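Good morning. I will go through one chain today, a piece at a time, and you can follow along on the screen.

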Amino acid sequence: MRTLLFVLFALLSLPAFAQGGDRYDNARFGYSISVPAGFVGQGESDNGDGQHFALPGRAITLSVWGGWLDNFDSEVAARMAQDATAGWNQTYQAVTPRWASWSAIAGGQILYQRMILLCDGQSYAAFRAEYGVRDRAEMDPVIEQLAVSLRGSGC
């Protein structure tokens, strides 16, 4: 009974931004992602590859973008290496031929990045969230939603 009450409490106390929200569709690369409620777009980039989102009043950011590539595995490895060079200590990674996800920690901050190979095999879509370690419990369901919703269109 105590466990049931705990589970009910946990479900009812999920943050509002973990539910609902809008969808961002990128015309240049042909991908979409569900943007969690509360996140505010900062305007699409000049070259149309993506957009940054912020959660007002919180040190939580979300970047979404697409890009061209020669080889998906090489691009993923290069991105992970950039993070390591920047001082991020990787805590998780999963890499497949069509998608990759990893997380890392540095100075009380967490990053989570996911990349997917798009239908044409020559481009990718990605998102990256950065937030404080203290926000992890709130952000875990948000990250899960983002990972599931990042999709190429027309595949």
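Predicted model: local features only at pLDDT ≥ 70, side-chain atom pairs only at ≥ 80, totals over all residues.

Let me start with a check on helix 2, which covers residues 72-85. This helix has 14 residues, and at 1.5 Å a residue it should span 20 Å.

Which residues of helix 2 are buried? They are Phe72, Glu75, Val76, Met80 and Asp83. These residues cover an arc of only 130 degrees around the axis, so they lie on the same side of helix 2. The face turned away from that buried side carries Gln82, Ala84 and Thr85, which are exposed.

What do the buried residues of helix 2 pack against? The answer is four strands: strand 6 (89-95), strand 7 (99-106), strand 8 and strand 9.

Now the two ends. At the N-terminal end, Asn71 caps helix 2, with a side-chain oxygen 3.0 Å from the backbone nitrogen of Asp73. Just after the helix comes Gly87, which takes a positive phi of about 95 degrees.

Next, the chain as a whole. It contains three helices and ten strands. Read from the N terminus, the order of elements is α-β-β-β-β-β-α-β-β-β-β-α-β. The chain has 155 residues, and 42% of them are buried. Take the contacts between residues at least 6 apart in sequence: 44% of these join residues at least 24 apart.

Trp99 is found in strand 7. Is Trp99 buried or partly exposed? Its relative accessible area is 28%, so Trp99 counts as partly exposed. Apart from neighbours within four places in sequence, Trp99 is in contact with Phe72, Ala94, Arg114, Met115 and Ile116. One of these, Phe72, we have already met among the buried residues of helix 2. Another, Ile116, is 17 residues from Trp99 in sequence, yet the two C-alpha atoms are 4.3 Å apart in space. As for Arg114, its charged end sits over the ring of Trp99, 4.3 Å from the ring centre.

Now the aromatic rings. How many aromatic pairs are there? The count is four. One of them is Tyr112 with Phe127, a stacked pair with 5.9 Å from centre to centre and 25 degrees between the planes. The cut-off for calling a pair stacked is under 30 degrees, which is why 25 degrees qualifies. This pair links distant parts of the chain, since Tyr112 is in strand 8 (residues 109-117) and Phe127 is in strand 9 (residues 123-132), 15 residues apart. With a relative accessible area of 12%, Tyr112 is buried. Phe127 is also buried, at 0% relative accessibility. Elsewhere, Tyr24, Tyr31 and Phe53 form one aromatic cluster.

Where is Asp135? It lies in the loop between strand 9 and helix 3 (136-149). Setting aside its neighbours within four places in sequence, Asp135 is in contact with Arg58 and Ile60.

That is everything I had.

Note on methods: Residues numbered from 1 in each chain as written. Heavy atoms only, no water. Phe/Tyr/Trp six-rings, centres within 6.5 Å; stacked < 30°, edge-to-face > 60°. Helix = DSSP H or I, 4+ residues; strand = E, 2+ residues; numbered from the N terminus. Buried < 20%, exposed > 50% of the residue type's maximum accessible area, 1.4 Å probe, protein only. Lys NZ or Arg CZ within 6 Å of the ring centre and 35° of its normal. Expected span 1.5 Å × (residues − 1). Arc of directions from axis to C-beta. Contact = heavy atoms within 4.5 Å. Polar contact = N/O pair within 3.5 Å; in protein donor to acceptor, adjacent residues only side chain to side chain.
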